[in-house]
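Please look over the structure shown below before reading on. The numbered points that follow are meant for a colleague who is meeting it for the first time.

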Amino acid sequence: MSMVNPSIDKLATMVDSKYTLAILAAKRARELTKPGQVLRGKEVSIALKEVGEKKITYTRKK
């Protein structure tokens with residue numbers, strides 16, 4: 001049973017690695033901790049959900 005919905009394994013298929021997933025979630029979670037933000041859950045959970053909903057994207061620099 002996964003604590004994160006969608007699961008980490010499913011989210012990892014949406015990016016090139018679990019490392020990229022962790023970086024995306026961490027950066028978004030930091031953005032969510034700005035003063036004045038009203039949150040409906042934990043920052044990292046919200047960030048992972050946004051990745052699953054394709055609200056967060058990234059580009060790989062060469």
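1. How are H2 and H3 oriented to each other? The model is a predicted one, in which local features need pLDDT of at least 70 and side-chain atom pairs count only at pLDDT 80 or more, while totals for chains, interfaces and linings use all residues. Residues are numbered from 1 along each chain as its sequence is written, and side-chain values use heavy atoms, with hydrogens and water left out.

2. Helix H2 covers residues 18-32 and helix H3 residues 43-52, and the two pack at an angle of about 125° with their axes 8 Å apart. Helices are DSSP runs of H or I with at least four residues, numbered from the N terminus; axes are lines fitted to C-alpha atoms, for helices over the stretch in contact, and angles run from 0 to 180 degrees between N-to-C directions. H2 and H3 are therefore oblique to each other, given that angles under 35 degrees count as roughly parallel, over 145 as roughly antiparallel, 65 to 115 as roughly perpendicular and the rest as oblique.

3. On the H2 side, the contact (heavy atoms within 4.5 Å) is made by Leu21, Ala25, Arg28, Ala29 and Leu32, and on the H3 side by Glu43, Val44, Ile46, Ala47, Leu48, Glu50 and Val51. Sorted by class, the contact of H2 with H3 has 9 nonpolar, no polar and 3 charged residues, where Ala, Val, Leu, Ile, Met, Phe, Trp, Tyr, Cys and Pro count as nonpolar, Asp, Glu, Lys and Arg as charged, and the others, Gly among them, as polar.

4. The largest nonpolar core has 9 residues in all, namely Leu11, Val15, Leu21, Leu24, Ala25, Ala47, Leu48, Val51 and Ile56. Such a core is a set of buried Ala, Val, Leu, Ile, Met, Phe, Trp, Tyr and Cys residues joined through side-chain atoms within 4.5 Å, and H2 and H3 each supply at least two residues of this core. In soluble globular proteins, nonpolar side chains tend to be buried together. Leu21, leaving aside its neighbours within four places in sequence, is in contact with Ile8, Leu11, Ala12, Val15, Leu48 and Val51.

5. Within H3, the residues Ile46, Ala47, Leu48, Glu50 and Val51 are buried, that is, under 20% relative accessible area, with exposed meaning over 50% and partly exposed in between (1.4 Å probe, protein chains only). The buried residues of H3 pack against helix H1 (8-12) and H2. Glu50 is buried at a relative accessible area of 14%, and apart from neighbours within four places in sequence it is in contact with Arg28, Lys55 and Ile56.

6. Glu43, also found in helix H3, counts as partly exposed at 27% relative accessibility. Not counting residues up to four places away in sequence, Glu43 touches Ala29, Leu32 and Thr33; Glu43 and Leu32 are 11 residues apart in sequence and 6.2 Å apart in space, C-alpha to C-alpha.

7. Thr20 of helix H2 is buried, with a relative accessible area of 7%. With residues up to four places away in sequence set aside, Thr20 touches Val15, Tyr58 and Arg60, and the C-alpha atoms of Thr20 and Tyr58, which are 38 residues apart along the chain, are separated by 9.0 Å.

8. A last point concerns the segment after H3, where Lys54 has its place. Lys54 has a positive phi of about 60° although it is not a glycine, and with a relative accessible area of 62% Lys54 is exposed.
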